[in-house]
Amino acid sequence: MDRKTAKKKSSRMGTGVLPTASAGRRFRVISGARGSSYTKRGGLESLQRRSGRRKLIFLAALVGAVSVLAAALLFVLQYFHVENIYVEGNLHYTSDEIIQMVTGERLGDNSLYLSLKYRDRGVQNIPFIQTMDVDVLSPDTIRIIVYEKSVAGYVKYLDRYMYFDRDGIVVEASEAKTEGIPEITGIDFNQVVLYEALPVEDQDVFRQILSITQILSKYNLSADKIYFDDSGEMTLYFGDIRARLGSDENTEEKVARLQQLLPNAEGKKGVFRLENYSGSGENVSFELDD
């Protein structure tokens, strides 16, 4: 390299201009400080703007979804609100009590909720009731069908009313007396166990109880009490009036005659003697109490 060439090269290097690697490639060199500032102001601010837009979109979608759900819930509550209720098969409870049992809880007045709750299963664990089915007849109308336990009578035991069915099985123990079910007296037992048969010596008494209660129901009579003496003869109690039926022969004829006689004894105290009545003749007397 001659002096002239070296001097030109030295002169170019002294100006602070960097040589390019080749004529075909050009690079813009930015200092470290300016590059860092650019990245923060440009890239970070851009990410923040994008993140903010995402949040706004999410919030808008959330508000929209909540609004749709609220509108749907309001529609369900209004459209399926129960206005009419039919109750069938109830005896021991009034229709109002049955309605309260079914609709008393939260959303109990919504027919859609009730149809889902009681689908393929009934209401259980209620005294005197086997099951209750709920049928949705229309969005604002339901029907409650009550299937009660078959109760023939009750006995008093340890300050409770022990109700038993036609087979003598104790189906319910209650502190309350239910109207329309007769008290059975004169039968001996030393204990009562729920869901087990009453331990009486003569199990045939339950057949007699079932028979007399069915006959009384047929003639629209309801005895307060049925008494069995030591020989198994029956006496029915209707308030202050008693009716001695004697043995279980001609029982239906005796009850049919009793139905005719009871209105004439209203306000009196005494006993009808029907032990010998067979369906004909005048073998019936009424004895006033002293």
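In H5, the buried residues are Val205, Phe206, Gln208, Ile209, Ile212, Thr213, Ile215 and Leu216; buried means under 20% relative accessible area, exposed over 50%, and partly exposed in between, with a 1.4 Å probe and protein chains only. An α-helix has 3.6 residues a turn, so residues three or four places apart point the same way.

This is a predicted model, in which local features need pLDDT of at least 70 and side-chain atom pairs count only at pLDDT 80 or more, while totals for chains, interfaces and linings use all residues. Residues are numbered from 1 along each chain as its sequence is written, and side-chain values use heavy atoms, with hydrogens and water left out.

Back to the helix. H5 covers residues 205–218, 14 residues, and reaches 20 Å from its first C-alpha to its last, close to the 20 Å expected at 1.5 Å a residue. The expected span is 1.5 Å times one less than the number of residues. Helices here are DSSP runs of H or I with at least four residues, strands are runs of E with at least two, and both are numbered from the N terminus.

What do the buried residues of H5 pack against? The partners are strands S5 (160–164), S7 (183–185), S8 (225–228), S9 (234–238) and S10 (241–246), and helix H6 (251–261). Contact means heavy atoms within 4.5 Å.

Now the helix pair. The axes of H5 and H6 come within 10 Å and cross at roughly 40 degrees; axes are lines fitted to C-alpha atoms, for helices over the stretch in contact, and angles run from 0 to 180 degrees between N-to-C directions. The crossing is right-handed, that is, the near helix is turned clockwise from the far one by less than a right angle. On the H5 side Ile212, Ile215, Leu216 and Lys218 take part, and they meet Thr251, Glu252 and Val255 of H6. By class, this contact has 4 nonpolar, 1 polar and 2 charged residues. Ala, Val, Leu, Ile, Met, Phe, Trp, Tyr, Cys and Pro count as nonpolar, Asp, Glu, Lys and Arg as charged, and the others, Gly among them, as polar.

Next, backbone angles. Most residues other than glycine have a negative phi. Just after H5, asparagine 220 takes a positive phi of about 55 degrees. Asparagine 250, in the loop between S10 and H6, has a positive phi near 55 degrees and is partly exposed at 33% relative accessibility. Aspartate 159 sits in the loop between S4 (153–157) and S5, with a positive phi near 65 degrees.

Is aspartate 159 buried or exposed? At 78% relative accessibility, aspartate 159 counts as exposed.

Threonine 235 is in S9 and is buried, at 11% relative accessible area. Beyond four places in sequence, its contacts are Lys225, Ile226, Tyr227, Arg242, Ala243 and Arg244. Threonine 141 lies in S3, residues 141–148, and counts as buried because its relative accessibility is 9%. With neighbours within four places left aside, threonine 141 is in contact with Asn84, Tyr86, Asp135 and Val136.

Last, the chain as a whole. It has 6 helices and 12 strands, and of its 290 residues, 30% count as buried.
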